[in-house]
Amino acid sequence: MSFFRTLGSRAKEDELMDDFSMGGEELREALRHLRRLNKIFAAPGPTVSGVAKLWHSIGRPSVLSLLDVGAGSGDVNQKLLQWAAKQGIEMQITLVDLTEEACEEARQLFRNEPRVQVVRADLTSLPDASADIVTGSQFIHHFEGEQLVDMVTHMLRVSRYGVVINDIHRHTVSYKAVWITTRLISRNRYIRHDGPLSVAKGFTDQDWQELKRQLNHDTMTYEWKPLFRYSVVIPQMGGAVR
């Protein structure tokens, strides 16, 4: 993955993590190193911000269920559980991923956390209204075109109140920062290849506007958050976030 890359439009290459014929211990190591990257780049912030906004808009219920799709280790949810405890919310989180390696890492990470369960499943096969809020962190940048719209539509279908998306801002500064950081903290080929590529597959304001148009969803909102991320909130039709 070159240090110098044109970022005018979203990259179309597949990430190594998109190849489900690979995996094993190398993938599990990558998931552990990804948790370090998430800490360095303040990854949980946009998810917490988006969930808080949606929670306020639905009347601040004292009980809340979340479903995190493409969750990987699910580490961003640790901050979400802390936020819920401060708000006095009884929260239950279901982490969903397609790979057994991710599920194993998540089970290990949350082995002493009764508020979290881990399920190996495909988003498209989940029942309607499975949780109050469906979240996706660094998940939808794996898709483009009609498949991107289809995945977000499934996220909405599976939620009762709406969707929160936390994904990467495609920008030269974030690309170079991730490129350098991945090479400083890891020799894992998933991390060194997929880290910078994730930024190249990320989004700008124009991409979110186009997704909003394709979804025909006037109440979808998005905000830029540190460090080079977006917090996107998509309420169910008829709901709005102020």
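Student: How do you know that helix 7 has a span close to the one expected?

Tutor: Helix 7 covers residues 189-200, 12 residues in all, and it reaches 17 Å from its first C-alpha to its last. A helix is a DSSP run of H or I with at least four residues, a strand a run of E with at least two, both numbered from the N terminus. Please keep in mind that this is a predicted model, where local features need pLDDT of at least 70, side-chain atom pairs count only at pLDDT 80 or more, and totals for chains, interfaces and linings use all residues. Residues are numbered from 1 along each chain as its sequence is written, and side-chain values use heavy atoms, with hydrogens and water left out.

Student: What about Arg189 and Tyr190?

Tutor: Arg189 lies over the face of Tyr190, at 5.8 Å from the ring centre. A charge sits over a ring if NZ of Lys or CZ of Arg is within 6 Å of the ring centre and within 35 degrees of the ring normal. The charged end of Lys176 also sits over a ring, that of Phe3, 4.0 Å from its centre.

Student: Why is the pair of Trp208 and Tyr230 called edge-to-face?

Tutor: Let's start with the search of the whole structure, which finds seven aromatic pairs. Rings of Phe, Tyr and Trp (its six-membered ring) pair if their centres lie within 6.5 Å; planes under 30 degrees apart count as stacked, over 60 as edge-to-face and the rest as tilted. The centres of Trp208 and Tyr230 are 5.8 Å apart and their planes are at 70°, so this pair is edge-to-face. The pair links distant parts of the chain, with Trp208 in helix 8 and Tyr230 in strand 7 (residues 229-235), 22 residues apart.

Student: Why do Trp208 and Tyr230 count as buried?

Tutor: Trp208 has 0% relative accessibility, so it counts as buried. Tyr230 has 2%, so Tyr230 counts as buried too.

Student: Which aromatic cluster do they belong to?

Tutor: Phe203, Trp208, Tyr222 and Tyr230 form one aromatic cluster.

How values were computed
Buried < 20%, exposed > 50% of the residue type's maximum accessible area, 1.4 Å probe, protein only. Expected span 1.5 Å × (residues − 1).
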